[in-house]
Amino acid sequence: MSGVTVEHKPDGTSLCFVSGDISVSVLLAPREVEELVTKLIGCPEGETKQPDRTDQPARPRVKIRAERADRGASAVLPLISAGVLRVGEILTMRSGGVEYFATIRGDGSFDIDGHIERSPTEAATYAAQAPRSGWRIWVNSAGETLEDLRWRLRGSEFRDSEGNANKTVEQWVDFCIRKRLRPGVERLGTIAAFFSDSRTEDIDEARAALAQWFAWCVDQRWIRST
């Protein structure tokens with residue numbers, strides 16, 4: 001024999017479920033009873049569920065995640081100022097087999113078919129409607145990601161111990177971008193391949209320059225840059 005018995009108590013409503021030799025009792029508060037009845041039979045006749053009152057509509061969770069990961073269009077402005085990214089340039093990204101386009105605006109924001117987003121990650125997340133790293137998914141006409149462009153800018157700004165720009169570092173960054181590697185991470189095999197491709201005359205000097213570059217990346221915490 002099985003069934004449900006209901007007993008009203010001062011501190012709530014008790015539901016007792018009986019099945020064979022097993023019985024389970026649950027004490028529900030008045031509000032919990034109302035929610036249970038609503039789920040089972042709907043709202044009582046003549047009553048309608050009142051919507052939550054908020055000044056602003058709730059934003060999608062994916063949007064909030066994007067803002068936490070990458071705040072503001074100012075992150076792109078250094079690329080524009082350095083000339084590695086142009087105002088009006090069209091970037092593309094693919095997600096779920098669909099290609100999306102965004103136009104770079106003068107303030108560093110992204111224009112996606114008239115919809116404006118402030119940063120690479122927000123723009124990529126809006127386009128895909130799922131969390132995406134905009135620095136790694138938006139590419140220019142040459143197939144370089146925004147992260148590639150950021151590394152290229154860092155390489156051009158690097159100064160050796162004497163304060164001079166170093167072509168070896170710029171070549172190293174270019175080599176890593178072409179090989180889809182991270183320029184701030186030292187790998188002996190990668191370095192050997194680089195020297196083989198670049199045909200550097202003074203290998204010792206080039207190794208010293210790269211040693212300074214790696215130390216600089218560590219100091220700037222760029223090894224795991226996103």
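Me: Which loop holds Gln-129?
Reply: Before we start, this is a predicted model, where local features need pLDDT of at least 70, side-chain atom pairs count only at pLDDT 80 or more, and totals for chains, interfaces and linings use all residues. Residues are numbered from 1 along each chain as its sequence is written, and side-chain values use heavy atoms, with hydrogens and water left out. Helices here are DSSP runs of H or I with at least four residues, strands are runs of E with at least two, and both are numbered from the N terminus. Gln-129 sits in the loop between helix H4 (120–128) and helix H5 (134–137).

Me: Is Gln-129 buried or exposed?
Reply: Buried means under 20% relative accessible area, exposed means over 50%, and partly exposed is in between (1.4 Å probe, protein chains only). Gln-129 has 51% relative accessibility, so it counts as exposed.

Me: What is the phi of Gln-129?
Reply: Gln-129 isn't a glycine, yet its phi is positive. The value is about 55°.

Me: Where is Arg-221, and what is its phi?
Reply: Look at the segment after H9, and you'll find Arg-221 there. Its relative accessible area is 76%, so Arg-221 is exposed. Arg-221 isn't a glycine either, but it has a positive phi of about 60°.

Me: Which residues gather in a patch of negative charge on the surface?
Reply: Asp and Glu count as negative, Lys and Arg as positive, and His and the chain ends are not counted. Patch members have over 30% relative accessible area and no salt bridge, and like charges are joined within 9 Å. (A salt bridge is a side-chain nitrogen of Lys or Arg within 4 Å of a carboxyl oxygen of Asp or Glu.) The negative patch is made of Glu-201, Asp-202, Asp-204 and Glu-205.

Me: Which helix does Glu-205 lie in?
Reply: Glu-205 has 54% relative accessibility, so it counts as exposed. Its helix covers residues 203–219, and that's H9.

Me: Is Leu-91 buried or exposed?
Reply: Leu-91 lies in strand E4, residues 90–95. Its contacts (heavy atoms within 4.5 Å) include Leu-85, Tyr-100, Phe-110 and Trp-138, leaving aside residues up to four places away in sequence. Because its relative accessible area is 1%, Leu-91 is buried.

Me: How far apart in space are Leu-91 and Phe-110?
Reply: Along the sequence, these two are 19 residues apart. C-alpha to C-alpha, the distance in space is 9.2 Å.

Me: How many helices and strands does the protein have, and what share of its residues is buried?
Reply: There are nine helices and seven strands. Of the 226 residues in the protein, the buried share is 35%.

Terms used
Patches are made of residues with over 30% relative accessible area and no salt bridge: like charges are joined within 9 Å, nonpolar side chains (Val, Leu, Ile, Met, Phe, Trp, Tyr) within 5 Å. Accessible areas come from the Shrake-Rupley method with a 1.4 Å probe; for residues, only the protein chains shown count as cover. The place of a charge is taken as NZ of Lys, CZ of Arg, CG of Asp or CD of Glu.
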